[in-house]
Amino acid sequence: MQTVGSFDRMGEENAFAVLARAAALQAKGRDIVNLGIGQPDFKTPQHIVEAAIKALRDGHHGYTPATGLLETREAVVRRTLTTTGIEVSPDNVMIMPGGKPTMFAAITMFGEPGVEILYPDPGFPIYRSMIDYTGAKAVPVPIREENSFAFSAEETLSKITPATRLLIINSPANPTGGVTPRAEIDKLVAGLEQHPDVAIMSDEIYDVMTYDGETHTSLLTYPEIRDRLIVLNGWSKTWAMTGWRLGWSIWPNGPESADLYDKVRKLAVNCWSCVNAPSQFAGIAAIDGPQDDVETMLAAFDSRRLLVTERLNAIPNVCCATPKGAFYAFPNISATGFKAKNLASRLLEEADVALVGGPDFGDFGEGFVRLSCAASEERIETAIGRMAEFLQKNTGGG
Ligand code: PLP
């Protein structure tokens, strides 16, 4: 049997492999602290769960429109207005089965052999994986520690060539916790005016997760690029709904924008038909209902990231920049003498701490590991204590 080569080029998200290995060790009775996976350790707020149950009881069991229920799209319009001050039309909003399908849609729409797609490195691993799948050339834009893990407009623009079709950006960022300041995005957008054929996918899934007075800048606030901008967002992180598979994206709509919205609608018809109705009702309740649970979660992430940073910086040879967004810490461990993936795997096997090696987020992630702040402060203390003890016993790379 032979399958097409594009499937052999597809990558993985190693956080899931770490999760599986951690679960296997846990099943053997080991007390693993899992700081590997990027999902909030909170339950979906109860009123959201109730809305889904009510939808099922009310008989919402059938197909919905491929683009999503109008009510859910209107809820996204309200939410976008609240968070960005920008009024989009429900005809620009696509309800998706999670955040990832927007990446899949955008990257497969623009990627093919002979073209180039720019993506952040270190960055969410699926960007690179999907670019490779399409046969396009994946061009990394380095995300640098010395730049507080913000992207540099100048460096990004310097990578654009006549073959560039799509630029992917992500702020607040996974895996670094970096937040790119508005002034830098201003520069990027100004530079993009010289490149009117480059489309942009802005992954804003961590938009509300910023700290220390940092604010998120949505690319939607730049009208000059709206006709070539795709914004990825969703419910997974903000409302602790990773398993519901519910996301949204905002697309330009119309023939002057290469009918991008109609293309993603068609992809839905061909692939998943629509997002299940109860999740979409839950999504409306999430947006319109009380936000106190979200506030509680954000306050917990805020205090955990400070704790993680402080504890990591107390370990000799480990240096951790304070994350300004999302819920990850990305310490530099190069002075320990360990390669990042080796350290991650030994910490799991020998010290019962699950985290992810930086190279799983791209080549520029070497020398770093990612810790997700998705555990209680007590468990975080335990994990970092174990890490410190392991590094003390195994100096110079073990
Ligand atoms: N974008 C980024 C930057 C992420 O970190 C993640 C998940 O970790 C996603 C998108 C995907 O979200 P979802 O689980 O809704 O597909």
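This is a predicted model: local features need pLDDT of at least 70, side-chain atom pairs count only at pLDDT 80 or more; totals for chains, interfaces and linings use all residues.
Local features need pLDDT of at least 70, side-chain atom pairs count only at pLDDT 80 or more, and totals for chains, interfaces and linings use all residues. Residues are numbered from 1 along each chain as its sequence is written, and side-chain values use heavy atoms, with hydrogens and water left out.

**View 1. The whole protein chain.**
The protein chain has 13 helices and 12 strands. These are DSSP runs numbered from the N terminus: helices are H or I with at least four residues, strands E with at least two. The radius of gyration is 21 Å, close to the 21 Å that the globule rule gives for 398 residues, so the chain is as compact as a globular protein of that length. The radius is taken over C-alpha atoms, and the rule is 2.2 Å times the number of residues to the power 0.38. Buried residues make up 58% of the 398 residues; buried means under 20% relative accessible area (1.4 Å probe, protein chains only).

The ligand is surrounded by 14 residues, each with a heavy atom within 4 Å of it. The closest are Asp203, Tyr206, Ser236, Lys237 and Arg245. Polar contacts here are pairs of N or O atoms within 3.5 Å; within protein, one must be able to donate a hydrogen and the other to accept it, and residues adjacent in sequence count only if both atoms are side-chain atoms. A polar side-chain atom of Lys237 lies 2.5 Å from a ligand oxygen atom. Backbone atoms also take part: a polar one of Gly99 is 2.8 Å from an oxygen atom of the ligand, and an N or O atom of Lys100 is 2.9 Å from one. Taken alone, the ligand exposes 390 Å², and the protein buries 94% of that. Areas come from the Shrake-Rupley method with a 1.4 Å probe; for residues, only the protein chains shown count as cover.

**View 2. Helix H11.**
Helix H11 covers residues 292-313. The expected span is 1.5 Å times one less than the number of residues. Buried residues of H11 include Met297, Phe301, Arg304 and Val308. The buried residues pack against strand S9 (328-329), strand S12 (369-372) and helix H13 (377-393).

**View 3. Thr336 in its loop.**
Thr336 sits in the loop between S9 and helix H12 (340-351). At 5% relative accessibility, Thr336 counts as buried. A polar atom of its side chain lies 3.2 Å from the backbone nitrogen of Phe338.

Key. Buried means under 20% relative accessible area, exposed over 50%, partly exposed in between (1.4 Å probe, protein chains only). Contact means heavy atoms within 4.5 Å.
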